Amino acid sequence: GILIFARYNSKRLPGKVLEEIFLEKKLLEVIYLRLKKFTNLNIVVCTSLSKKDNQIVKICKQQKIHFFRGNLKNVFDRTIKCLKKFKFDAFVRVNADRPFVDFDEVNKMVKIFKKNKFDIVTNQLSKKCPKGLACEVAKSEVFFDTKKKISLKDKEHIFNFFYRNKKKYKIYNLNNKDYYKKKKIKLSIDNHHDLLRIKKIYKNLGSIYVPTKKILKLIWYEISSER
């Protein structure tokens, strides 16, 4: 399955997951719809038990999106409980600050994961991925087995433990050449400036279903023209 990690209480831009991005579609909906249209995996919004996240649950119920609620700060524990509830033997992690989630990259990583015996497939180890396009596919089993070993810090950043101990796990890093030259382009939403920029980009695109590869090219062309 695909787990979309979403919470209302963002430090720099609270409520960004519920901000309208394009054609009255909220950020969470844009991410969900891009994944739903171009992947064949079950999708679950993984949020918390915080009262502020009731608004996220409300959207999920309205749009008939599967959701799970768990510990706000212990995301690792929330992940494990979500995986067990939906009986996922593996999952794709997507954060809800990524309006241009690359469904082509997700499908490629899932295909590699299924054909091989990797614990984790990632695009993060080379550090050549534009911010907002990070993705991981992982065996649920490695999370179950690691629960007692993680530190307090790892409870929020759920893949850090595995990256620090990468020699102990079978991790494959997907190198996307389309990302390398454009690695400095920011495609995530962290603040109000990012939000306005993303809205403008989608308005110019005219659709929420444009492939990320094309979006990167358009942004890169605009940046190059400005220079």
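This is a predicted model: local features need pLDDT of at least 70, side-chain atom pairs count only at pLDDT 80 or more; totals for chains, interfaces and linings use all residues.
Start by selecting Arg12, Lys131, Lys186, Asp190 and Asp194, which are linked in a network of salt bridges.

**Stop 1: Asp190**

Centre the view on Asp190, in the loop between α7 (177-180) and α8 (192-205). Asp190 is buried, with a relative accessible area of 5%. Now show the side chain of Lys131: a polar contact of 2.9 Å joins it to the side chain of Asp190. To see what else surrounds this aspartate, display Arg12, Leu13, Lys16, Asp97 and Lys131; Asp190 touches these residues, leaving aside those up to four places away in sequence.

**Stop 2: Asp194 and Lys186**

Are the two partners buried or exposed? Asp194 is buried, at 5% relative accessible area, whereas Lys186 counts as partly exposed, at 26%.

**Stop 3**

Asp97 was among the residues touching Asp190.

**Stop 4: Asp77 and Lys81**

Move to helix α3 (residues 75-86), where Asp77 and Lys81 can be selected together. They form a salt bridge whose closest N and O atoms are 3.2 Å apart. Where do the two residues sit relative to each other along the helix? Asp77 and Lys81 are 4 residues apart in α3, so about one helical turn separates them. Asp77 counts as buried, with 12% relative accessibility; Lys81, at 45%, counts as partly exposed.

In general, side chains of opposite charge can pair when their charged atoms come close.

**Stop 5: Cys129 and Cys135**

Finish with the cysteines by selecting Cys129 and Cys135. How many disulfides does the structure hold? The count is 0. Draw a distance between the two sulfurs to see why: the cysteine sulfur closest to that of Cys129 belongs to Cys135 and is 8.7 Å away, too far for a bond. The cut-off for a disulfide is a pair of cysteine sulfur atoms within 2.5 Å. Seen from the other end, Cys135 is in no disulfide either, and its nearest cysteine sulfur is that of Cys129.

Notes: Residues are numbered from 1 along each chain as its sequence is written. Side-chain values use heavy atoms; hydrogens and water are left out. Buried means under 20% relative accessible area, exposed over 50%, partly exposed in between (1.4 Å probe, protein chains only). A polar contact is a pair of N or O atoms within 3.5 Å; within protein, one must be able to donate a hydrogen and the other to accept it, and residues adjacent in sequence count only if both atoms are side-chain atoms. Contact means heavy atoms within 4.5 Å. A salt bridge is a side-chain nitrogen of Lys or Arg within 4 Å of a carboxyl oxygen of Asp or Glu.
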